[in-house]
Amino acid sequence: MNVAQMLERSAFYFPDRPALAFKDRRWAYRELDRDASALASGLKGLGLKPGERIGLHVPNWPEFVLTYYAAQKIGVVPLSLNVTYKADEIAYICRDGEVAAVVTADPVAGNLPSRTDLPSVRHLINVGAPREGTVSFAALTGDPALRALDLDREEMAAILYTSATTGRPKGVMLTHSNVVSNTYATSHHLRMTPEDRGLCALPLFHCFGQNFIMNALVNSGGTLVLQERFVPEEFLGAIGRERITLLYAVPTMYILILAGDTSAYDFRSLRLCFSAAAMLPADVERRWHERYGHWIHQGYGLTECSPFASYNHDTLFRPGSVGTPIENVEMKVVDEHGRELPDGELGEVLIKGPNVMKGYFRNPEATGQTVRDGWLHSGDIGYRDKDGYYYIADRVKDMINVSGFKVFPREVEEILFRHPAVKEAAVLGMPDPVKGEAVKAFVVLREGQSVDGDTLKTLCREKIASYKVPEAVEFIPALPKSPTGKILKKDLRGPR
């Protein structure tokens, strides 16, 4: 089994059908498979071996797609790097994942750490103008007929990093079986065909974009219409121009589209609108249906389950729900002792099936805490109704969800603590009408010291991705605490 065999099958059955579109660049399936094979041969020529990791530090460009499938063909594991991360964040992930090579591109290469901070990296490959000390992406070419290795189904297919309870990211290991099974489930539930054309402005370094969109479209023989980022006018214009049938977005995107005038855009080609990565407000769902005649079909899952776990719905849609478990997947709701709860009662959502990760990379302790007796503990609070439909109400942990991107408070707090004027800090998510949540910092200053909020925001902006930077900083005389000294964040959310 090999994820790249999905591309090879589509190239065999649909060689001349459009596979990938980006601006004025186009690939048919035979061309995409040919170019991925030639690149795979070039990567192999660098000495990369099966099981080694290659960091994908590339925007939503065709080069990301090509490198992903090229690496899969030779058994090298793509490790996605968030292109908004700063040098310290990237250095940690590359060291933790023992990355052997990194593919980067001109617009984002400046965020990479120095080579001395990347001790395991043997090759830095650059898309764009030649750079000293790098290998040219364009020069990596070879046998266009190279075929994918037939690997064990439990071999690693990809590593995607997600936040840990300590604030340090953890590498989610997804196997070929995880990705292939989840991709087939996506194709099945969304009833995808080679006639489908999916618009993706969501980042391919995220599991949603990588598996649910890119891999599922390739598996179905459909067309991936790629945009580098979400720019409303460009995104909306592409729907009619590219005859898009599948619209993929997160709640923030739907909110922004609803806030504007879309009368000049053509939505007639759409057959399905999909949302995931964050909870969709019921009012947004209702207004979208009233304006465009489409319900927004929600999916639910986590990176740790590849990510698809439930879907609303290929048979009977129910507003406000994340649907029922996908094929071959089980879900249940349990209390704090792991006992299954009756329908209608709130508890933690657990997931079991072929989509559940192999584990966290070289972190058995964290794996054991998250996957117990085969059940993935999601950290999300929800309930099931009498008909088996699931609803997500809240999160167990303090994780902040900004437009579908997860922010762990402690990571931001540790940056704030670096300023000499800061005595204590607590970071939490506050409701935001567009992003779902926004990051807010409560800060206690050292006696006799002073600093303003903009200075602290600048400090954060230099060290972490922009979506993690607090939008508001409130200075308070003391943090509320329990008798044991634990900060009571729930008290910060209410009136003081």
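His 313 sits in the loop between E15 and strand E16 (324-325), and in this predicted model a cis peptide bond joins Asn 312 to His 313, with omega at about -5 degrees. A cis bond also runs from Ser 306 to Pro 307, where omega is near 0 degrees; Pro 307 belongs to the loop between E14 and strand E15 (308-312). For background, most peptide bonds are trans, and most residues other than glycine have a negative phi.

Positive phi values are found at several places in the backbone. Asp 373, although not a glycine, has a phi of about 55 degrees, and it is placed in the loop between strand E20 (371-372) and strand E21 (375-384). Ser 403, likewise a residue other than glycine, has a phi near 55 degrees and lies in the loop between strand E23 (400-402) and strand E24 (405-407).

Helix H9 itself (residues 282-292) has buried residues at Val 284, Glu 285, Trp 288 and Tyr 292. Viewed down the helix axis, these buried residues fall within an arc of 100 degrees, which means that they line one face of H9. The face turned away from this buried side carries the exposed residues Ala 282 and Glu 290. On the buried side, the packing partners of H9 are E12, helix H8 (251-259), strand E13 (272-275) and strand E14 (296-301).

In soluble globular proteins, nonpolar side chains tend to be buried together. Here the largest nonpolar core has 114 residues, and those with the most contacts inside it are Tyr 248 and Ile 351. Helix H6 (residues 207-220) gives the most to this core, contributing eight residues. Apart from this core lies another, of 41 residues, which includes Val 99, Leu 118, Ala 425 and Leu 459. With residues up to four places away in sequence left out, Ile 351 touches a set of residues that includes Tyr 300, Leu 302, Val 329, Met 331, Val 356 and Trp 375; Glu 330 and Gly 374 are also among its contacts.

Side chains of opposite charge can pair when their charged atoms come close, and the structure holds 31 salt bridges. Among them are the pairs set out below.

| Salt bridge | N to O distance |
|---|---|
| Arg 362 and Glu 98 | 2.7 Å |
| Arg 197 and Glu 242 | 2.9 Å |
| Arg 339 and Asp 335 | 2.9 Å |

The salt bridge between Arg 362 and Glu 98 links distant parts of the chain, 264 residues apart, with Arg 362 in the loop between strand E19 (359-360) and helix H10 (364-370) and Glu 98 in the loop between helix H4 (87-96) and strand E5 (99-105). Arg 362 is exposed at 54% relative accessibility, while Glu 98, at 40%, is partly exposed.

The salt bridge between Arg 197 and Glu 242 also links distant parts of the chain, 45 residues apart, joining strand E10 (residues 197-200), which holds Arg 197, to the loop between H7 and strand E12 (246-249), which holds Glu 242. Arg 197 is buried, with a relative accessible area of 10%, and Glu 242 is buried as well, with a value of 8%. In the pair of Arg 339 and Asp 335, the arginine is exposed at 51%, whereas the aspartate is buried at 16%. Beyond these pairs, Glu 8, Asp 33, Lys 73 and Arg 147 are linked in a network of salt bridges.

Gln 227 gives a further example of a buried polar residue, with a relative accessible area of 10%. Gln 227 occupies the loop between strand E11 (223-226) and helix H7 (232-241), and a polar atom of its side chain lies 3.2 Å from the backbone oxygen of Glu 234. Leaving out residues up to four places away in sequence, Gln 227 touches Phe 22, Asn 60, Leu 199, Cys 200, Ala 201, Glu 234, Phe 235 and Ala 238.

Technical notes. Residues numbered from 1 in each chain as written. Predicted model: local features only at pLDDT ≥ 70, side-chain atom pairs only at ≥ 80, totals over all residues. Heavy atoms only, no water. Helix = DSSP H or I, 4+ residues; strand = E, 2+ residues; numbered from the N terminus. Buried < 20%, exposed > 50% of the residue type's maximum accessible area, 1.4 Å probe, protein only. Polar contact = N/O pair within 3.5 Å; in protein donor to acceptor, adjacent residues only side chain to side chain. Contact = heavy atoms within 4.5 Å. Salt bridge = Lys/Arg side-chain N within 4 Å of Asp/Glu carboxyl O. Arc of directions from axis to C-beta. Core = buried A, V, L, I, M, F, W, Y, C linked by side-chain atoms within 4.5 Å.
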